[in-house]
Amino acid sequence: MDFANREYLFLLLLIIPYIIWYVMFRKKKEPTIRMSDTFAFQYATRSWKVILMPVQPLLHILAFTFLVIALARPQTHDNLQNESIEGIDIMLAMDVSTSMLAEDLRDDTHHIQNRIEAAKTVAAEFIADRPNDNIGLTIFAGEAFTQCPMTIDHTSLLSLLQNVRTDIAARGLIEDGTAIGMGLANAVSRLKDSKAKSKVVILLTDGSNNRGDLSPMTSAEIAKRLGIRVYTVGVGSNGTARYPLNVGGGVQYIQIPVEIDTQTLTDIARTTHGQFYRAKNANELREIYHEIDKLEKSKIEVQKYSRRYEDYQRYALAAIVFLLLEILLRITIFRRIP
C-alpha cells in the first residue's frame with residue numbers, strides 16, 4: 001500500500017499527548033463526591049460501567065487514527081515495471097475451418113467432442129500451465145488472421161480463445177478451406193521480432209492445404225531461417241467422422257472422410273527442427289500438449305502493468321463508525337447527570 005498524502009500520517013503523533021493528557025489531567029477534572037472516610041467502600045466491587053470507562057478514549061483514538069489514514073489517501077501500489085522471467089514465445093495456430101465441427105474425439109468418459117471444442121479445451125489448459133510465457137493465437141481457414149498477439153495477459157488470451165468459432169467461415173466472414181501455409185506464415189510474422197532464444201509455433205489442423213498464396217513448405221523455410229520451431233498436430237480419427245448438417249432447422253449427421261496431410265505436417269516439423277504429432281482422440285491431444293509443455297525455457301523481458309485506485313473509503317467508514325459508537329455510548333451508558 002502507498003499513500004498519496006503521506007505527510008498527514010505525522011498527525012498520528014498527536015495521539016501521544018492525548019494519552020498523556022488523559023492519564024495525568026483528565027481524571028482530575030472528573031466530578032467527585034467528598035467523603036470523610038472511604039473505608040466502607042474499599043471492598044466494594046467495581047460496576048461494569050466503571051470497568052468500561054477506558055473504552056471512550058480508546059474509541060477517540062481509533063476514530064482519529066482511521067481518519068488520518070483516510071486523509072493520507074491510501075492507494076494500491078500498482079505500476080508499470082520491467083521484469084525478467086523464464087519463458088518462451090509461443091504462437092498457437094489453430095484451424096477453424098468448418099471441418100473442425102466433425103465430432104470424432106472421445107475422452108476417458110467416452111464423451112464425444114467436436115474437434116474445435118476439444119482443441120480449445122486442451123489449448124486453454126496448456127496456456128494456464130505456462131503463466132510466464134508470451135503466448136499468442138492465430139486462427140485460419142481459407143485465410144488467416146491474428147486472434148490475439150503474443151501476451152502474458154493470459155486472462156485476455158483465454159477469453160479470445162473461447163470466442164473462437166468455426167462459423168466465421170460458415171457465415172462467409174472469411175473463405176472456408178484450409179490454408180496451412182497462410183496460418184503458419186501469420187504465426188511466424190508475430191515471432192520474427194521476438195528476442196527470446198526459444199520461439200515456437202504449435203500448428204493444429206484436421207486437413208490438408210487447399211487455399212492460400214503461400215505453400216506450407218515456403219512458410220516452413222521462412223520459420224527455419226528465423227529460428228522458429230514448428231510443432232504440428234494433426235487432429236481427427238482415422239477413416240471417417242460424424243459431421244453435423246443443418247437441414248430444415250434441424251441437425252442431421254453424415255460421415256465425411258478424414259483427410260489429414262500427415263506428410264506435409266511431418267515435413268514442416270522436420271524442416272524447423274520441431275515434431276509432428278497425431279491426435280485421434282481428446283486424451284492423445286492432451287498428451288501432445290503435455291509433451292510440448294516440456295520445451296526449454298529462456299529469459300524474456302516483460303512489462304507488467306496494474307491499475308492504481310483509491311482505497312481510503314474503508315478507513316473513512318471505520319472512523320465514522322468508531323466516532324458514532326463513542327457518541328452513542330456517551331449519551332446512553334456513560335450519560336452524566338448534571
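Two strands pair if DSSP finds at least two bridges between them. Strands (E, at least two residues) and helices (H or I, at least four) are DSSP runs, numbered from the N terminus. This is a predicted model, where local features need pLDDT of at least 70, side-chain atom pairs count only at pLDDT 80 or more, and totals for chains, interfaces and linings use all residues. Residues are numbered from 1 along each chain as its sequence is written, and side-chain values use heavy atoms, with hydrogens and water left out.

**Stop 1: strand E4**

Select residues 89–95, strand E4. Seven of the seven residues are buried, so E4 is largely enclosed by the rest of the structure. Buried means under 20% relative accessible area, exposed over 50%, and partly exposed in between (1.4 Å probe, protein chains only). In a regular strand the side chains alternate between the two faces of the sheet. Colour Asp89, Met91, Ala93 and Asp95 for one side of E4, then Ile90, Leu92 and Met94 for the other. Both faces are covered.

**Stop 2**

Pick Met91 and find its bridge partner in E7, Gly136.

**Stop 3**

Asn134, Gly136, Thr138 and Phe140 point one way. Ile135, Leu137 and Ile139 point the other way.

Next, select strand E8, residues 144–151. E8 is antiparallel to E7, and five bridges link the two. A hairpin of three residues connects them. Look for Phe140 opposite Ala144 of E8.

**Stop 3: a surface patch**

Move to helix H1, residues 15–26, and click Trp21. Trp21 is partly exposed, at 33% relative accessible area.

Then show Phe10, Leu13, Ile16, Ile19, Ile20, Trp21, Val23, Met24 and Phe25 as a surface. Together they make a nonpolar patch of about 910 Å². Patch residues have over 30% relative accessible area and no salt bridge; like charges are joined within 9 Å, and nonpolar side chains (Val, Leu, Ile, Met, Phe, Trp, Tyr) within 5 Å. A salt bridge is a side-chain nitrogen of Lys or Arg within 4 Å of a carboxyl oxygen of Asp or Glu. Accessible areas come from the Shrake-Rupley method with a 1.4 Å probe; for residues, only the protein chains shown count as cover.
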